[in-house]
There are 2 protein chains.
Amino acid sequence: MKLGRIVREDLDGTVHRLVAVEPDAERVIDLRTAHRVHLERNGATPSAARRISAAWFPGSMATAIAAGRGLVELAAEVVAAAGDDAAHELAAVTWAAPIDPPVLRDCLVFEQHLRTQFGRADIPVPKQYYRAPVYYKANPTTVVGTDAEIPWPFDSSYMDYELELGFVLGEPALDVTPDEAVQHLFGVTVLNDFSTRDVQSREMSARLGPAKGKDFATALGPWITTADEVDVTALQMLARVNGEQWSKGTSADMMWSPAEIIAYVSQSERTVPGEVIGSGTVGSGSGSDLGRRLSPGDTVELEIEGIGTLRNTLASPGAVRWWPEPKPRPAGDGDA
Amino acid sequence: MKLGRIVREDLDGTVHRLVAVEPDAERVIDLRTAHRVHLERNGATPSAARRISAAWFPGSMATAIAAGRGLVELAAEVVAAAGDDAAHELAAVTWAAPIDPPVLRDCLVFEQHLRTQFGRADIPVPKQYYRAPVYYKANPTTVVGTDAEIPWPFDSSYMDYELELGFVLGEPALDVTPDEAVQHLFGVTVLNDFSTRDVQSREMSARLGPAKGKDFATALGPWITTADEVDVTALQMLARVNGEQWSKGTSADMMWSPAEIIAYVSQSERTVPGEVIGSGTVGSGSGSDLGRRLSPGDTVELEIEGIGTLRNTLASPGAVRWWPEPKPRPAGDGDA
């Protein structure tokens with residue numbers, strides 16, 4: 001099943017609604033509506049049908065996933081029973097990010113990207129990448145969906161995209177093995193880890209990892225394909241900029257499997273429903289890997305087989321409002 | 001006002017309740033109860049009083065803070081009107097973390113700690129720390145409160161504490177200046193950024209920042225002191241281990257002010273209500289700064305003037321369940 005979120009208007013403003021996506025039929029099914037209609041046909045009063053459908057299909061996908069295995073079963077049931085009464089044309093909907101992750105981690109498990117990036121900075125590839133599926137943590141509150149315009153931070157002249165898989169977690173996992181981890185993968189989406197390379201490079205010199213160079217926006221979407229419908233071991237991954245193909249890769253090149261990644265993340269640390277783990281950039285999957293830069297107004301499309309196409313356009317650089325004045329630094333500190 | 005969260009039992013299990021804390025009176029006021037009683041005295045039906053008090057005082061402090069400036073005003077009003085009817089003995093309550101932050105960042109704005117840590121690793125202090133209040137992002141879902149036992153990850157033999165201020169943010173901020181940022185500080189709490197130094201050092205060699213070395217737990221508490229009640233520019237900060245004083249510092253030593261930190265975080269990136277930003281470790285505020293290590297069973301107390309004492313005890317090391325097998329590494333990669 002393919003699950004997404006769309007933006008709709010009700011009497012009090014905009015709301016998010018969970019949808020089942022049927023790309024071939026070019027339609028989406030509003031799951032709360034379908035559930036409500038189905039309940040009413042089974043004798044529920046309108047107000048009881050509203051209450052129960054709202055509890056199962058809230059605006060937050062992470063909250064919905066927290067309900068456990070019953071969610072996807074129920075979604076399939078209500079689509080079959082009342083999908084026609086809750087359908088919207090695919091081309092006409094306004095998308096939101098398919099998931100509002102409580103935590104957003106991002107690995108770096110494609111060796112080609114790893115070697116290109118460290119090679120460019122003239123730093124040996126750290127051993128640690130071969131010891132464990134290392135990750136940094138992104139800002140989960142600045143996630144956007146397909147069609148969203150991406151803000152361009154004022155302090156950057158080097159904007160880039162990153163073509164990645166996004167693994168959406170389901171049931172909480174703690175100290176699981178890779179064999180056990182498989183059942184904790186709820187689904188897969190496309191992830192674009194937009195990055196300002198100049199900002200990122202400056203701030204990573206402090207050795208605390210990326211922050212403002214990446215946290216202005218992370219795109220997810222267009223929807224989530226549930227794990228039962230997609231084999232993530234060999235998916236073609238493409239990036240196009242203004243219609244021209246820039247990147248082509250395959251998920252077959254992952255050094256660490258999704259099961260190993262989830263198992264690693266779960267050691268001594270409980271995962272939560274709806275959290276997202278990025279795979280890291282596929283080989284050649286960013287402008288930086290290719291010696292190219294994005295420009296304001298560019299449209300970036302990331303397409304992954306079995307999922308769909310995540311499309312975003314870049315805004316113009318923002319206006320400068322404030323930036324820290326450097327603090328005095330002791331003499332003799334060198335140039336680090 | 002001092003605001004915290006306690007754990008209580010209702011018919012369906014444990015719930016979190018927001019409380020106003022009166023340390024001198026040795027009591028806490030359950031705010032939802034006080035509000036409900038106050039509403040009923042003003043003619044509300046019991047069910048209307050339940051509904052409205054639940055909306056204002058949910059179990060999530062971040063959700064409550066999102067209601068804006070009315071929250072603290074209402075809390076003060078209901079404590080004055082019906083506090084005696086909703087009071088519990090301070091010594092008898094079970095604490096939760098005072099806040100469930102949607103995002104958790106942690107800076108490093110105390111120069112002495114910065115110099116000790118980089119000096120120990122024999123790395124020059126990066127310039128970037130003097131250019132901006134640099135931070136890493138922690139896992140907001142593994143936050144615990146005072147009295148919580150801290151798990152000891154199986155892969156560490158070097159556990160440490162970090163004595164920090166935690167800045168709790170209120171109204172969303174985007175591209176604000178330090179002058180404007182002041183009004184976005186909701187309150188201050190004590191933060192213990194528990195760290196396994198051996199794990200942290202290994203993983204930071206990958207240059208993506210701390211992750212599993214710190215994300216097993218972050219302690220916050222015992223409660224939040226609202227910004228109007230505390231001047232964070234010169235607070236005494238103490239750490240005791242098993243009753244013995246290990247660390248003593250002052251917030252006066254911050255290189256970057258809370259206003260500068262919030263302004264920096266807000267550039268090109270909207271903050272969200274209830275997010276927490278750690279100050280970083282005060283000078284000498286960790287075992288690592290002193291050449292000392294914690295042991296299983298140790299009790300760590302962090303006390304900050306004007307807030308209170310955050311107390312946690314360390315568990316015994318966990319059992320090994322699984323750990324990644326290293327992947328083959330190309331010859332000639334060196335020892336990085």
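**Notes on the model**

1. The structure is a predicted model, and the points below should be read with that in mind. For the complex the predictor reports an ipTM of 0.96 together with a pTM of 0.97. In chain A the mean pLDDT is 96, with 99% of the residues of that chain at 70 or more.

2. Chain B contains an open sheet of five strands, in which the order is β9-β19-β18-β15-β16 and the pairing is mixed. The edges are formed by β9 (149-152) and β16 (244-250) of chain B, each of which pairs on one side only. From one strand to the next, the twist averages 20°.

3. Within this sheet, β18 of chain B (residues 299-304) pairs with β19 of chain B (residues 308-317) in the antiparallel sense, and six bridges connect the two. One pair across these strands sets B:Val300 opposite B:Asn312 of β19(B), while B:Glu301 has B:Arg311 in β19(B) as its bridge partner. The two strands form a hairpin with three residues between them, and in its turn B:Gly306 adopts a positive phi of about 85°.

4. β18(B) also runs antiparallel to β15 of chain B (residues 236-241), to which it is joined by five bridges. Here B:Glu301 of β18(B) stands opposite B:Arg240.

5. Turning to the contact between the chains, 54 residues of chain A are in contact with 54 residues of chain B. On the side of chain A that touches chain B, at least two residues each come from α6 (128-131), β7 (135-137), α8 (197-204) and α9 (258-266) of chain A. Of these elements, α6(A) gives the most, with four residues.

6. The composition of that side of chain A also deserves a remark: by class, the residues of chain A that touch chain B comprise 28 nonpolar, eleven polar and 15 charged ones.

Notes. Residues numbered from 1 in each chain as written. Chains lettered and ligands numbered in written order. Predicted model: local features only at pLDDT ≥ 70, side-chain atom pairs only at ≥ 80, totals over all residues. Pairing = 2+ DSSP bridges. Axes fitted to C-alpha atoms, helices over the stretch in contact; angles between N-to-C directions. pLDDT = per-residue confidence, 0-100. Contact = placed C-beta atoms within 7 Å. Nonpolar A, V, L, I, M, F, W, Y, C, P; charged D, E, K, R; others polar.
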